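Reader: I have not seen this structure before. Please show it, and then let me ask about it step by step.

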Amino acid sequence: MRFSPEKLAIPDQRMKPFIDTEEIWNLINNTKPDKQRVRDVIAKSLDKQRLTLEETAVLVNSIGTGLADEIKEGAKELKQRVYGNRIVLFAPLYVGNRCINNCKYCGFRSSNADAIRKTLDDNEIIKEVEALEDNGQKRLILVYGEHPDYSPEYIAHTVKLVYGVKKGHGEIRRVNINAAPLDIEGFRTVGESGIGTYQIFQETYHPEAYKWYHLGGKKRDYEWRLTALDRAQEAGIDDVGIGALFGLYDWRFEVLGLVRHTNHLEACYNVGPHTISFPRIKDALSLNLDKKYETGDDDFKKLVAILRLAVPYTGLILTARESPDVRREVLQYGVSQIDGGTKLEIGSYSDSQNEEQNLNREQFKINDARSLADVIDELLTNDYLPSFCTSCYRMGRTGEHFMEFSVPGFIKRFCTPNAILTLSEYICDYAQGETIDKGWKVIEKNIEKLDPAVASGTREKIEKIKAGERDLYF
Ligand code: SAM
Ligand code: SF4
């Protein structure tokens, strides 16, 4: 059912700016929580209820109550209750770095004369996807600069191209997008190509800071970007991802901005964002930024835990911008998706010899350059269940429908068995050495926790996978 403002007799807020700077600063400045209040808010979240903006401010402002560890413990507990130990894996594929914008923090910005501009042609895209499939990837996010070359039609073309690349047992089953905001027609064109999530980061929710960082091009328009995912919804894309680039402005403001954005989408479209991302600024070509708002490791860890508690059912994405150590710790606080085997230099999945030459084609430096195999091995060692599942989006369980399924029981009936099946495929097709044994052990352990009927259905499907069948899911 679509949002209907007439029925509710409230003003239609769709496609209207929704950030009230003063409101957010008032909450940050005037919320003075005591220990009991912080504990009450954590308890509400553990009851799987979304937090209000004010309650999120209580957690953000809990410095001085000595309860940072309780917030992290709460987030850990909630993650276990809602998601279990699954971690979904994906890889980014940078298609092109042409860009008309001039974002101070980004290596692709138009004023960066050192950047070598490159857009993969169709054959190069195919080669990149084959290389990714050879590693076992099943889910990609395609990334583009903002440029007339990257029209909605072109983006849709690349999505279809990627879905068509099959090598051995390899195929990409979900293509997500990180690209510039489009108009409604543009979103419709991209949506019809069969994408998973359309992801757009606001970078900073603070309008004046936003102006300061975005010097030219269409991205200068704060409101066009802020309302982008409303237009995506209007165009029928009900699976959207939001994010803020931490380090541009006060992290507390950005956390409240993300929660406000979530509230807005829920109020207008009956469904919040599918995912929230929280990249921290990393070194980019000729980057020369003030460190005033740099988000340190302690604040970063805390803010991830706060986001987990604030929006219990929203996926949280942690990328290879962070080091293995930081990733290891933050994973526990409620992250549900990570990338593995990431390479940002354009064209370097298939052409690793040429990394030197490719260096000037990357947007920023990553801090976790481990292969997908190494990332999976470590996840298994630490008792996580790596997943390449794409079932919900292919079964139409997205958007508002997805929310209906995000209830207790659903994970055990669908997510865990599907994670097990995609991990079984990975072990049969790509795993090497000790990872194979570790993988089957983790699978066995997780099957034992399922209801008997689901467990036996899962075992049957695993036997079929061992016999050569692929792409089995619930
Ligand atoms: N051009 C599109 C845009 O700006 O939305 C999409 C691609 S952009 C390459 C993807 C995201 O990378 C940006 O939204 C920004 O948050 C992030 N990013 C840019 N520069 C970064 C840096 N130096 N360190 C970390 N992340 C960065
Ligand atoms: Fe271009 Fe996006 Fe980089 Fe800005 S962040 S310069 S829009 S690629």
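Reader: Which residue in β2 is the bridge partner of Tyr94?

Author: This is a predicted model, in which local features need pLDDT of at least 70 and side-chain atom pairs count only at pLDDT 80 or more, while totals for chains, interfaces and linings use all residues. Residues are numbered from 1 along each chain as its sequence is written, chains are lettered from A and ligands numbered from 1 in the order in which they are written, and side-chain values use heavy atoms, with hydrogens and water left out. Strand β1 (residues 86–96) and strand β2 (residues 139–144) pair in the parallel sense over 5 bridges; two strands pair if DSSP finds at least two bridges between them, and helices (H or I, at least four residues) and strands (E, at least two) are DSSP runs, numbered from the N terminus. Within β2, the bridge partner of Tyr94 is Val143.

Reader: Which residue in β10 stands opposite Phe90?

Author: β1 also pairs with β10, in the parallel sense and over 3 bridges. Opposite Phe90, the residue in β10 is Asp339.

Reader: And which residue of β11 stands opposite Ile87?

Author: β1 is joined to strand β11 (residues 385–387) by 3 bridges, and the two run parallel. The residue that Ile87 faces in β11 is Pro386.

Reader: How many of the residues of β1 are buried?

Author: Buried means under 20% relative accessible area, exposed means over 50%, and partly exposed lies in between (1.4 Å probe, protein chains only). By that rule β1 is mostly covered. The count of buried residues in β1 is 11 of 11.

Reader: Which residue of β10 is the bridge partner of Ile317?

Author: Ile317 belongs to strand β9 (residues 315–318), where Gly315 and Ile317 on one side and Leu316 and Leu318 on the other are all buried. β9 and strand β10 (residues 337–339) pair in the parallel sense over 2 bridges. In β10, the partner of Ile317 is Gln337.

Reader: Which residue in β9 is the bridge partner of Ile276?

Author: Strand β8 (residues 275–277) pairs with β9 in the parallel sense, over 3 bridges. The β9 partner of Ile276 is Leu316.

Reader: Which residues surround ligand 2, and how do they divide into nonpolar, polar and charged?

Author: A residue is near a molecule if one of its heavy atoms lies within 4 Å of it. Ligand 2 is surrounded by Cys99, Asn101, Cys103, Tyr105, Cys106, Phe108, Arg109, Gly145 and Lys219. Ala, Val, Leu, Ile, Met, Phe, Trp, Tyr, Cys and Pro count as nonpolar, Asp, Glu, Lys and Arg as charged, and the others, Gly among them, as polar. The shell around ligand 2 thus divides into 5 nonpolar, 2 polar and 2 charged.

Reader: Is Cys106 of that shell buried or exposed?

Author: Cys106 is one of the residues around ligand 2. Its relative accessibility is 10%, so Cys106 counts as buried.

Reader: How many disulfides does the structure hold?

Author: A disulfide is a covalent bond between the sulfur atoms of two cysteines. Here a disulfide is a pair of cysteine sulfur atoms within 2.5 Å. For Cys428, the closest cysteine sulfur is in Cys389, at 17 Å, which is too far for a bond. The number of disulfides in the structure is 0.

Reader: Glu203 has a positive phi; where does Glu203 lie, and is it buried or exposed?

Author: Phi of Glu203 is near 70°, a positive value in a residue other than glycine. Glu203 lies in the loop between β6 (198–199) and α9. With a relative accessibility of 7%, Glu203 counts as buried.

Reader: What is the relative accessible area of Met15?

Author: Met15 sits in the loop between α1 (5–8) and α2 (21–30). Its phi is near 60°, again a positive value in a residue other than glycine. Met15 is partly exposed, and its relative accessible area is 35%.

Reader: How far apart in space are Trp212 and Leu309?

Author: Trp212 is in helix α9 (residues 207–213), and its relative accessible area of 47% makes Trp212 partly exposed. Trp212 and Leu309 are 97 residues apart in sequence. From C-alpha to C-alpha, the separation of Trp212 and Leu309 is 31 Å.

Reader: What separates the C-alpha atoms of Glu469 and Glu425?

Author: Glu469 is in the segment after α21 (452–466) and is partly exposed, at 40% relative accessible area. Glu469 and Glu425 are 44 residues apart along the chain. Their C-alpha atoms are separated by 9.1 Å.
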